[in-house]
Amino acid sequence: MSFNKEFDQHGAWRKQFALRLRLLAEWLSDHDLMEPGIRERLDGLHAQVKNDKIMVAFVAEFSRGKSELINAVFFAGYGRRIMPASAGRTTMCPTELGYDADVPPCLRLLPIETRLQPLSLLDWRNAPDKWERVDLDVNDPKQLARAIQKVAEVRRVTLDEARGLGFWSDETPDDNPLTGPDGTVEVPKWRHALINMAHPLLKQGLVILDTPGLNAIGAEPELTVSLLPQAQAVVFILAADTGVTKSDLTIWRQHLSVLGEGKESRLVVLNKIDTMWDALSSPEQVQLQIASQRTDSAEILGLSPRQVLAVSAQKGLLAKVNRDKKLLEASNLMELETALGVDLLGQRRKILSAAVATGIQSLRVETTRMVHTRSRDLVEQIQELDGLRGKNAGVIKQMRLRIEQEQADFDASGAKIQAVRSVHLRLLKDLFAMLSSTHLKSEVSVLSKALRQPGIKLGVRRAYDHTFDRLRADMVKANGMAGDIQSMLEGSFKSLNAEYGFSLQAPTAPLLSQYVNDLDLIEKSHLQYLSLGNTLKLAQPEFAERLARALMSRLRVVYDTAVNEVELWNKSAAAQLDAQLRERRRNFTRRIEAVSRIQQAAGGLDERIRELQTHQVKLNLLDTKLAELTDHLLAIPEEESDEALVA
């Protein structure tokens, strides 16, 4: 199955899930079950599926046919090239293609001069007025291609400007660009580009990251420290006739082999196999040469041979435009699309499905608990009223007084419940402080100072190791604090359950120790910049400053994610307690109303018992229907996704 078809199915699955989630929300509202805690979980599930993004990063040295490969896989439907793919350097700045419904179709370009200011790319994303914007007409392929051609723009600057921007180093002259007759050098005009367009795949959550060559990658640490690690798949493009060159191997070792343990998410493409189609060689001989190149490349890069594919992006694009099945087969492009579709999206859907299933189970438990609480209250009311059969008015009056006294005692117990909240919030305050941006800055301050010291960065590696050791220790400590809060909640909830007949159950505590793995990944991807080979580059104050900002930006994402998880856990516990307090107060009100009606009408007792029994039957049906609706969400069959595609 091609990547496009597999992605369509992934999108259909998400739409089916969103539809059924909305139906569940409407059903919960109709039956007065939409408590704040349940709404929070529903909103979280909806956002998780709606905002699910799949980033595929294309990485290569210059002139490997990277942009042409993107055209062939994703944009052949336009009948022409959309990404600039002419001979020579094309993509001069990192370019992201995605879709945001709140933004009109446009190309946004961040000027290269922003490198001179102390802000990270993440900060610049939140300053849209600083980007140059070009509107796009997605229905006009020529205008679209012409506008996107701007990502290839360059400008000429003096050597001093080039130094400040990170494109010139006196210590590493071999890496410097060529100077012109007037002593200027060519640099990219733009630092980063964002393309927002309603391409069918982009609308379904695909994000394409098109990266420039080695020099540009190395000059923008945030690209390798932040953006590439976020990609669910990395496609590394080589030239089929040369295989793994020295510069290719540098990119692989410094920027790609450090992205984590999930090697199955990396594909290597030997592009331009058409250059090996030789009229003097038999087709069998050509295939043997290609197979040999695949094997050699896999061995050099430490991958399985099946992860190295040989294609012709140019012939694949031509074949798609001309609907030439024979040429398309010869290009091997569909083999790459199948690998992306089956391996990447299949794995991604499993991960998303597992995460969503966990959320649905929690939603079901919380809602079922509320239904059972109401059902238990009804049973108690029926038993209470049944005991009044044959009793005189004085006994009924005494029962009303007893219920009112129970209500007064319960209201007076609010101080004890408030004490539980106070202890919980005090412990949470300490945990939030441990995960705060202020604490993070403090922990990273020594390393930041070492990176910003002038000249050769003596002691920076030691500061780096100590910093990450402290960050890991902090995250482990935070995980222990979360465990202490969980124990406190479980003990407090058990006490409240025994004293007031609640059915509180502490939600599962966040596993903050998992973020230690994220810290390890950041450390590993950042470590390359501290090697002996980068000593001279690190001595450049502008580069060191960008490196420090990139590191802080990536660490902040990890800490913010951990804080969000703690906040959700806290809200879940608080919402559960609030819901049961409300149910208990409603129960007192219903009991008093029932006794009042019995006092006012001789036949009111039997009538009220019948009403309660009817409500009990309805609650039992609610319980069954809830299980049915949540089971439906947990198991959206593949064939339904197929039907959705046809529809």
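A salt bridge is a side-chain nitrogen of Lys or Arg within 4 Å of a carboxyl oxygen of Asp or Glu. By that rule, the structure holds 32 salt bridges. Please keep in mind that this is a predicted model.

- Glu 366 and Arg 41 join their side chains in a salt bridge, with 2.9 Å from N to O.
- This pair ties together distant parts of the chain, since Glu 366 sits in helix α14 (residues 333-386) and Arg 41 in helix α2 (residues 36-50), 325 residues apart.
- Both Glu 366 and Arg 41 are buried.

**A partly exposed bridge**

- Arg 155 and Glu 161 also form a salt bridge, and their closest N and O atoms are 3.7 Å apart.
- Arg 155 counts as partly exposed because its relative accessibility is 25%, and the range for that label lies between under 20% (buried) and over 50% (exposed).
- Glu 161 has a relative accessibility of 36%, so Glu 161 counts as partly exposed too.

**A bridge between helices α17 and α18**

- The side chains of Glu 443 and Arg 470 meet in a salt bridge, at 3.8 Å from N to O.
- Here again distant parts of the chain are linked: Glu 443 belongs to helix α17 (residues 437-452) and Arg 470 to helix α18 (residues 460-500), with the two residues 27 apart.
- Glu 443 counts as buried because its relative accessibility is 12%.
- Arg 470, with a relative accessible area of 28%, is partly exposed.

- Strand β7 (residues 190-196) pairs with β2 in the parallel sense, over 4 bridges.
- Within β7, Ile 195 is the bridge partner of Leu 97.
- Strand β8 (residues 206-210) pairs with β2 in the antiparallel sense, over 3 bridges.
- Within β8, the residue bridged to Leu 97 is Ile 208.

Note on methods
Residues are numbered from 1 along each chain as its sequence is written. This is a predicted model: local features need pLDDT of at least 70, side-chain atom pairs count only at pLDDT 80 or more; totals for chains, interfaces and linings use all residues. Side-chain values use heavy atoms; hydrogens and water are left out. Buried means under 20% relative accessible area, exposed over 50%, partly exposed in between (1.4 Å probe, protein chains only). Two strands pair if DSSP finds at least two bridges between them.
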